[in-house]
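Dear colleague,

Please find the structure below, handed over for your records and further use. My notes on what was found in it follow directly after.

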Amino acid sequence: MLKNWNPEEIPSKEEVKERLDKARARLYELQMKIKEHKVPVLVLFEGWGASGKGSTIGKVIKNIDPRFFKVATMSAPTEEELRRPFLYRYMKQIPEAGKFTFLDSGWMEQTVKDCLEGVLDEDHYAERIDSIKRFERQLTDNGYLVLKFFMHIEKKEQTARIERLLEDEDARWRVSAFDKWQNEHYKKCRAIFNKYLSDTNMSTAPWYIINAKDRKWAELQVLELMVSGIEVAMQNSAHSVPLLQNVFPLVKMPKLEEIQLEGKVLEDAEYKAELKALQKKLGELHNRLYRKRVPVIITYEGWDAAGKGGNIKRITEALDPRGFEVHPIASPEPHEKARHYLWRFWTRLPKDGHIAIFDRTWYGRVMVERLEGFCSENDWRRAYNEMNEFEKELSDWGAVIIKFWVQIDKDTQLARFTDRQNNPEKRWKITDEDWRNREKWDLYEGAVNEMLQKTSTAYAPWYILESVDKKYARIKALKIVIKELEKALN
């Protein structure tokens with residue numbers, strides 16, 4: 001893209017001024033329409049050191065109410081961020097519906113740096129590019145406007161700007177060691193920039209090369225492209241997007257009605273002996289996990305009153321409390337609902353060496369949200385592939401992913417509901433919503449069967465816990481967790 005780039009001739013100062021006034025006024029008008037249409041706008045500024053990314057952002061945001069935007073400077077990742085998946089710190093920054101986020105550098109700069117420093121070989125670079133393209137596509141599929149600007153200047157211009165900044169005591173700090181290195185190795189950097197731009201230029205999130213030689217002209221290009229992008233996004237805000245075919249290897253799962261529940265029982269003595277031995281083993285493995293920095297994600301889905309809470313308790317009893325966190329997932333809070341539905345799970349991921357346990361998960365998208373009409377049909381049908389992609393990202397990061405479906409029959413649920421209703425100490429566990437959900441048992445069963453078939457992948461398969469006897473389910477879960485952790489550690 002940079003190699004064959006032919007910049008538009010810079011208009012006269014009078015024309016630039018006239019168009020700037022018009023573009024600024026239009027962006028000011030559009031900010032309220034963005035809010036009304038609930039379109040989230042993510043604006044990424046990448047480019048050469050000293051190309052004016054920060055100053056251009058500063059000029060653009062003058063036209064937007066400060067309540068509707070935030071600016072984030074994505075400097076080198078911290079040690080804490082390096083212990084999370086690559087995209088974690090960028091996903092955290094995505095805006096709420098109806099707001100803007102401006103990123104001063106982002107996943108492009110970090111990827112290019114990793115290439116230049118030898119952190120990424122060809123294979124890992126290809127994996128990184130796939131992750132970035134999935135990330136950007138998921139955002140645009142879920143209604144985000146992603147605008148990507150590359151601020152381009154020639155070597156001679158960059159050299160002059162760096163020299164001017166270094167001469168100014170108050171501005172010297174703006175020139176980083178990487179900016180200087182870039183300038184010294186301009187051709188090498190341009191080749192890598194060019195490859196990255198070509199590899200990640202997509203119709204849904206294209207790159208815009210900004211001629212940044214003249215500051216006002218650069219501002220005008222950005223403003224006019226933003227205005228045009230926002231106008232198109234508002235026209236397309238209600239449109240459905242194509243459903244992608246699953247490309248990940250799937251593990252065949254039985255239908256819920258085919259699962260044998262009878263006979264899966266443990267006597268008290270056997271249960272206590274196994275529980276003690278398995279918890280001891282799990283505790284030992286937890287120490288090794290921390291030493292080897294292996295992240296673990298354990299998820300629980302299942303029928304109401306199936307025994308998820310008790311199952312989780314028997315696992316956490318074996319763990320060092322400093323090395324795990326349980327996330328009970330309820331209806332999304334307003335700030336969560338206003339973002340991509342996976343955002344609240346990305347932001348709860350564990351550090352490497354730690355364990356995150358989710359009591360209910362992202363699969364609510366294809367169960368509760370699907371059946372209760374909280375999202376469109378296009379949304380939940382698209383989600384199967386999006387969740388497989390999410391878990392592939394976690395698997396590629398090195399995470400062990402263990403997904404449990406806790407299964408009981410309808411009669412067992414009724415008995416447990418009735419017991420909770422009649423027992424003052426357990427009454428807090430039962431709600432009117434539980435009874436309403438029970439009336440939709442057959443609909444939920446169909447949704448769960450489809451979910452299990454479409455999201456049990458080779459890297460994140462589902463495990464069924466037969467839980468008519470809760471003791472049996474607890475021991476089975478412990479055995480599966482231990483087996484999966486040993487496999488990862490070995």
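Threonine 347 is partly exposed, with a relative accessible area of 25%; here buried means under 20% relative accessible area, exposed over 50%, and partly exposed in between, with a 1.4 Å probe and protein chains only. Threonine 347 sits in the loop between helix H14 (343–346) and strand S8 (355–359). Helices (H or I, at least four residues) and strands (E, at least two) are DSSP runs, numbered from the N terminus. Threonine 347 lies 7.9 Å from methionine 91, C-alpha to C-alpha, although the two are 256 residues apart in sequence.

The model is predicted, so local features need pLDDT of at least 70 and side-chain atom pairs count only at pLDDT 80 or more, while totals for chains, interfaces and linings use all residues. Residues are numbered from 1 along each chain as its sequence is written, and side-chain values use heavy atoms, with hydrogens and water left out.

As to the chain overall, there are 20 helices and 10 strands. Of its 490 residues, 53% are buried. Along the principal axes, the C-alpha atoms fill a box of roughly 85 × 45 × 40 Å.

Salt bridges

Side chains of opposite charge can pair when their charged atoms come close. With a salt bridge taken as a side-chain nitrogen of Lys or Arg within 4 Å of a carboxyl oxygen of Asp or Glu, a search of the whole structure finds 48 salt bridges. One of them joins the side chains of arginine 26 and glutamate 231, at 2.8 Å from N to O. Because arginine 26 lies in helix H1 (residues 13–37) and glutamate 231 in helix H10 (residues 215–236), this pair ties together parts that are 205 residues apart in sequence. Arginine 26 is partly exposed at 25% relative accessibility, and glutamate 231 is partly exposed at 27%.

Lysine 471 and aspartate 268 also meet in a salt bridge through their side chains, at 3.6 Å from N to O. Lysine 471 belongs to helix H20 (residues 470–489) and aspartate 268 to helix H11 (residues 268–292), so the pair ties together parts that are 203 residues apart in sequence. Aspartate 268 counts as partly exposed, at 46% relative accessibility.

Which residue does the side chain of lysine 487 meet in a salt bridge? The partner is glutamate 484, at 3.3 Å from N to O. Both residues lie in helix H20, 3 residues apart, about one turn of the helix. Lysine 487 is exposed, with a relative accessible area of 55%, whereas glutamate 484 is buried at 12%. Elsewhere, salt bridges that share partners join Arg365, Glu369, Asp379, Arg382 and Glu386 into one network.

Helix H10

The 22 residues of H10 should span 32 Å at 1.5 Å a residue, and the end C-alpha atoms of H10 are 32 Å apart, which agrees; the expected span is 1.5 Å times one less than the number of residues. The N-terminal end of H10 is capped by aspartate 214, a side-chain oxygen of which lies 3.2 Å from the backbone nitrogen of lysine 216.

Pockets and cavities

Rolling a probe the size of a water molecule over the atoms shows where empty space is left. On a 1 Å grid over the protein atoms alone, a cavity is a set of points where a 1.4 Å probe fits but cannot get out, and a pocket is an open set with protein on both sides within 12 Å along at least five of seven lines; lining residues have an atom within 4 Å of a point. Grid points are joined across faces, edges and corners, and a volume is the space filled by probe spheres set on the points.

The second largest pocket holds about 740 Å³ of space. It is lined by 29 residues, and the closest to its centre are Ala50, Lys53, Asp104, Arg174 and Asp179. Helices H2 (53–60), H5 (107–116), H7 (155–167) and H8 (177–184) each supply at least two lining residues. H7 provides the largest share of this lining, 4 residues.

There are 3 cavities of 30 Å³ or more. The largest cavity has a volume of about 110 Å³. Among its 13 lining residues, the closest to the centre are Arg134, Phe135, Gln138, Trp346 and Phe390. Helix H6 (122–141) and helix H16 (377–397) are the elements that give two or more residues to this lining, and H6 gives the most, with 5 residues.

Yours sincerely

Definitions and conventions
Polar contact = N/O pair within 3.5 Å; in protein donor to acceptor, adjacent residues only side chain to side chain.
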